[in-house]
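Visitor: I am new to this structure. Please show me how to read it, one feature at a time.

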Amino acid sequence: MPQRNAILGASPIRKEGRAKVLGAAQYTDDLALPDMWHGATVRSTVARGYIRNITFAHEVNWDEFCIVRASDIPGKNVIVHLMQDHPCLANGYVNHPDEPILLIAHPEKAALLRALKNIHIDYDELPGVFTIEESEAAVKALVEKNDDSRIIWPTPKADYEGGPNCFKTYEMYSGDAEKTETGLEAAFETADFIVEGEYATGAQEQLYIENNGVIAECFYTQQGEVESVCVRGSMQCPFYLVHALTLVFGLPDDKCRVIQVETGGAFGGKEDFPSVIGSHAALLAMKSKHPVKIIYDRAEDMAGTTKRHPSRTRHRTAVRKDGTLLGGTIEVTLDGGAYATLSSTVLSRATIHASGPYKWPHLRVRSKAMATNLPPHGAFRGFGAPQSLFGVERHMDRIAHTLGLTPEEVRRKNFLGTGDTTATGQPLVDKVDMQHMLTRALNEAGYHEKVARFAEENKHSLIKRGVGFAAFMHGTGFTGSGERRLNSLVYLDVLEDGLPQILVSSTEFGQGTNTILSQVAAQTLNLPYEDIRLAQPDTSVVPNSGPTVASRTAMIVGKLVERASLQMLETLRLQVHLPADHTREEFIAAAKAYRAQYGTLRASARYEPPAPIFWDDEKYRGDAYPGYAWAVYVAEVAVDMRTYMATCTRFDALQEVGKVMHPVLAKGQVEGGVAQGIGYALYEKCVWKDGHLANNQMTNYIMPTSADLPPIHVHFEEVPSIHGPMGAKGIGELPMDGPAPAIMNAIENATGISFCTIPLLPEDIFERVQSLGHPHGGTEDLDPSVDRDTRVEEVSA
Amino acid sequence: MHSDVTQFDLAAPPSLQAVLKQLAAEPGKHAPIAGGTEMMVALGAGRLQQRSLLSIQHLRELRFIRVEDRLLHIGSGTTFTDIRRSAEIAKHLPLLVQSASWTGSVANQNRGTIGGNICNASPAADTPPALLAYGATVTLVSASGERTMRYVDFHLGYKKTALRPDELLHSIHVPLVFGDHRQYIRKVGTRNAQAISKIALAAVAKVEEQRLADVRLGAASLTDRPVRCSATEAVLSGASLASDALEETIRLARAALAGETHAIDDIRSTARYRGAVAGNLLEEFLRSLAG
Ligand SMILES: Cc1cc2nc3c(=O)[nH]c(=O)nc-3n(C[C@H](O)[C@H](O)[C@H](O)COP(=O)(O)OP(=O)(O)OC[C@H]3O[C@@H](n4cnc5c(N)ncnc54)[C@H](O)[C@@H]3O)c2cc1C
């Protein structure tokens with residue numbers, strides 16, 4: 001029997017790598033259509049209020065411009081995500097700064113600049129709410145004083161389920177609700193310790209290299225009616241934009257065509273937002289009767305598009321003095337910004353991940369997503385999990401310090417293992433060995449030796465060193481019944497030359513979709529990797545394999561590609577006698593023979609769970625995810641007490657992600673995620689001024705550079721999962737979850753100070769050290785059960 | 001891009017004389033552009049006021065490093081990369097090399113000039129603290145002649161310099177008298193590269209029999225312009241570093257520095273942080289001298 005080619009698990013060069021390296025790859029702004037115009041967006045300059053008046057100054061000849069207002073929208077004035085609260089263009093009322101009000105287009109891009117300066121909008125301003133706390137206070141004022149002056153959502157007052165200023169709430173119990181409540185009561189009564197903590201995370205910008213951009217076309221019937229629209233651009237989820245366009249234009253799906261072109265990074269920032277810019281460009285194309293390109297520049301992109309949801313997580317935990325968790329309550333609150341967008345699903349993931357990789361005899365998680373007058377927050381790698389995992393992993397260290405145990409002891413007492421059930425009641429059937437993962441990660445990092453050595457060295461140094469870690473998991477794929485609802489479909493064709501082409505709506509944006517799906521097909525079809533091609537994601541050509549989000553591409557879509565490939569082989573073996581263990585030549589010959597006989601050859605596969613998955617959306621219980629990736633991350637830090645700067649000096653990332661499909665790409669995913677996580681923890685702060693992002697340039701939004709990043713050591717354990725192709729699980733988001741809590745735990749180890757709010761900038765460390773009265777910090781022993789975090793967040797002008 | 005480039009003129013006169021002539025003919029109408037690493041940012045952000053730019057980047061007359069009369073002369077068109085590669089500067093002015101090395105990125109250093117760095121007159125710029133500590137002088141030229149002044153008098157206020165509209169910065173001169181001085185510089189930026197200073201301190205001093213002499217301190221972001229910390233220098237002049245006096249010397253120096261600090265809260269940091277860290281850097285310098 002000839003040796004099967006081992007393509008999965010090897011690291012072939014990326015499918016589109018050559019074109020990118022040679023500069024041949026065409027991004028949206030490299031493209032031009034004949035007679036194309038350029039579009040721009042007129043945005044609100046206030047956070048909340050009624051639009052009183054719009055004036056167009058006489059200096060500009062407005063006849064040359066195409067101007068689109070809300071009243072020009074042929075269908076619904078809405079950007080549909082999960083609800084229909086988000087206007088495509090503000091109509092009389094604005095709910096956040098930088099909200100789109102008008103669209104303009106002109107043949108010359110430079111003309112737009114002058115035009116934008118000559119449109120003046122007056123507002124009757126209303127008071128805004130800019131933090132979770134302000135939004136909650138507004139609800140309190142409504143309830144207690146019937147004062148609705150700061151109820152900012154829903155507008156107009158609709159009957160959405162979350163209620164005033166609240167997009168969505170969840171309540172999740174580790175078992176039957178009533179029994180759990182009784183259990184909790186008993187747990188708190190009998191506990192040796194009750195440990196409370198509050199943990200907060202900030203907004204974060206995705207900072208893809210290529211800003212958002214699209215080109216739209218509109219086609220008319222002979223009667224002058226809009227027949228169809230077509231948008232091409234930089235995006236993750238072409239079918240999301242199709243859905244948005246069908247509402248804005250009142251057209252059926254097949255009249256709204258979307259084509260993804262080469263996309264320069266996304267990180268979730270091009271999941272929901274292209275529905276906005278894509279609809280805008282299409283409206284301008286409709287009215288101007290020209291193709292219209294809109295490309296944001298960095299400042300506009302940073303100020304006007306989505307960020308990661310800021311969060312606050314509160315823990316109250318009953319523990320035995322040996323560290324065993326007896327019960328707990330967790331409250332997770334997200335700041336969703338001005339419209340609901342994807343907040344409810346981000347909240348869902350935050351809720352489910354809030355328990356961490358631990359056994360909770362009794363647990364209640366309550367969560368809510370609040371409205372504020374910030375631009376809507378949206379998808380960003382991790383999607384709620386980094387927020388609530390930050391809470392639980394800081395809290396585990398707090399419990400350890402309160403009990404006088406080590407962070408390691410507390411976690412070892414409570415880790416989930418094979419056969420246990422998660423907080424949602426999901427039995428862990430696949431092998432899970434967090435005990436071993438922890439042992440290995442701490443060894444790789446030299447953790448124990450460092451804890452001892454740093455404790456000595458720190459006594460005599462103004463540079464305080466420390467180590468800390470976080471243990472966590474990330475669910476792969478859509479939550480609960482989500483994958484079944486998505487009902488993803490994949491095609492595999494054989495083209496004229498007898499070689500295959502994969503058709504999916506899954507997109508490449510730098511992470512490796514094209515490469516890994518080709519590996520799966522090549523491996524399964526026993527063909528060289530180079531022979532596999534992918535059709536451009538064009539919704540008029542490819543089937544809907546679902547959005548490229550939620551770490552689902554490798555496991556879910558990969559599995560479908562595997563199944564389609566198997567099906568194709570079976571067809572060829574049955575119909576045209578392709579021999580078993582065929583050669584490439586035999587495959588081509590068989591494929592050509594089939595095509596000669598039947599015309600075309602297409603295999604397809606639709607999602608079916610490989611094992612039964614039970615999920616109860618009402619009770620929020622059951623199998624939350626088809627699979628989980630597991631990890632232990634160890635951070636080493638140095639805090640310079642002269643400059644109060646905390647630097648991550650070494651990072652060890654150990655994860656179990658099933659079969660590693662492409663070691664180079666997998667390592668890249670982890671390194672990139674860790675870098676982003678370090679930025680999240682120590683550098684990247686959104687400075688909001690009345691809801692407007694004041695630091696919307698890369699000079700002042702401090703993303704770490706390579707000179708700020710430590711050596712990142714990436715380690716894998718491989719435990720194959722039945723859900724993914726040849727055992728693969730998801731890896732995309734996982735690396736974003738662990739760095740922030742690991743780093744904060746390390747900083748506490750270094751300084752003796754417990755910081756519970758990120759981003760943690762030198763100014764925050766400085767203020768905290770000042771307030772503690774230790775000019776140079778020191779290894780003081782705080783009472784860890786008392787939260788002394790000052791949360792210095794304000795930046796004065 | 002928030003500017004319409006068609007609204008700008010750019011000319012590259014063949015010689016320094018030609019540039020000066022044009023500046024003199026229509027004072028205030030033209031602005032010199034050297035590496036453009038400041039001006040292009042302003043152009044992109046739509047806040048470049050001048051519409052007519054005269055390039056001086058190609059003028060060899062402004063790009064030189066030479067030692068003459070116990071002075072090191074640096075042409076205003078010298079790039080950060082030139083500075084980093086110069087053996088003369090490395091030998092005599094290590095603080096300047098250090099500050100050039102952490103300015104922006106390699107690409108910035110290849111284009112950006114020391115003249116642009118000081119004429120742009122940002123209080124946070126990287127080379128001024130070193131030049132201030134080294135007691136530099138500067139020569140300004142115009143069609144009607146040239147004048148030389150102490151660099152410390154060049155900065156008049158926030159982004160205000162002694163340059164007249166018809167003048168260019170020609171060169172910078174540093175006396176080569178620091179062979180026996182102890183030297184210190186530290187930048188506290190927002191990150192380790194591509195960072196604007198939150199605070200920076202450059203210091204030189206002589207130590208004679210445990211006493212300080214000829215102390216010179218230059219700082220960034222301590223006030224609205226790059227400054228010499230003369231009150232602190234005065235306190236430190238003759239101060240003792242002996243172990244029984246060191247703590248008092250540090251205390252007095254920190255107090256003096258705090259007295260001449262007028263730091264601000266801005267998008268990058270806070271006044272409180274800047275003030276405290278400036279004191280910590282000064283203390284670090286003094287302890288290194290005593291140690
Ligand atoms: C990404 C980035 C990072 C940066 N990082 C740093 C940093 O870390 N530290 C730092 O200090 N700066 C930094 N800068 C700012 C800039 O690079 C420096 O200030 C540089 O020295 C400017 O020099 P230039 O030759 O490019 O100036 P230009 O942009 O050409 O000119 C700047 C100003 O000086 C005037 N000027 C220039 N030469 C003369 C002359 N001979 N006579 C009179 N006027 C003159 C110009 O008219 C203009 O007003 C950064 C800039 C960028 C874009």
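Guide: Start with the ligand. This is a predicted model. By class, the shell around the ligand holds 13 nonpolar, 14 polar and three charged residues.

Visitor: Which residues come nearest to the ligand?

Guide: The ligand has 30 residues around it, and B:A34, B:G35, B:G104, B:G116 and B:N117 come nearest.

Visitor: Which element gives the largest share of that shell?

Guide: Helix 7 of chain B does, with four residues. Several elements of chain B each supply at least two, among them strand 2 (30-33), helix 2 (39-44) and strand 10 (168-175). Domain 1 (5-55) and domain 2 (60-175) of chain B each give at least three residues to the shell.

Visitor: Now the chains. How many residues of chain B are in contact with chain A?

Guide: On chain B, 22 residues are in contact with 21 residues of chain A. Helix 11 (residues 271-290) gives the most to chain B's side, with six residues. That side has nine nonpolar, eight polar and five charged residues.

Visitor: And how do I read a core?

Guide: Begin with the general idea. In soluble globular proteins, nonpolar side chains tend to be buried together. Here the largest nonpolar core has 302 residues. A:A281, A:V634 and A:I743 have the most contacts inside it. Strand 23 (residues 627-640) of chain A gives the most to this core, with 11 residues.

Visitor: What is A:V634 in contact with, leaving aside its neighbours within four places in sequence?

Guide: Its contacts include A:A441, A:L442, A:A445 and A:Y447. A:V467, A:F469, A:D652 and A:A742 are also in contact with A:V634.

How values were computed
Residues are numbered from 1 along each chain as its sequence is written. Chains are lettered from A and ligands numbered from 1 in the order in which they are written. This is a predicted model: local features need pLDDT of at least 70, side-chain atom pairs count only at pLDDT 80 or more; totals for chains, interfaces and linings use all residues. A nonpolar core is a set of buried Ala, Val, Leu, Ile, Met, Phe, Trp, Tyr and Cys residues joined through C-beta atoms within 7 Å. A residue is buried if 20 or more other C-beta atoms lie within 10 Å of its own, exposed if 12 or fewer, and partly exposed in between; C-beta atoms are placed from the backbone. Two residues are in contact if their C-beta atoms, placed from the backbone, lie within 7 Å. Ala, Val, Leu, Ile, Met, Phe, Trp, Tyr, Cys and Pro count as nonpolar, Asp, Glu, Lys and Arg as charged, and the others, Gly among them, as polar. A residue is near a molecule or strand if its C-beta atom, placed from the backbone, lies within 6 Å of it. Domain bounds come from an automatic or database domain assignment.
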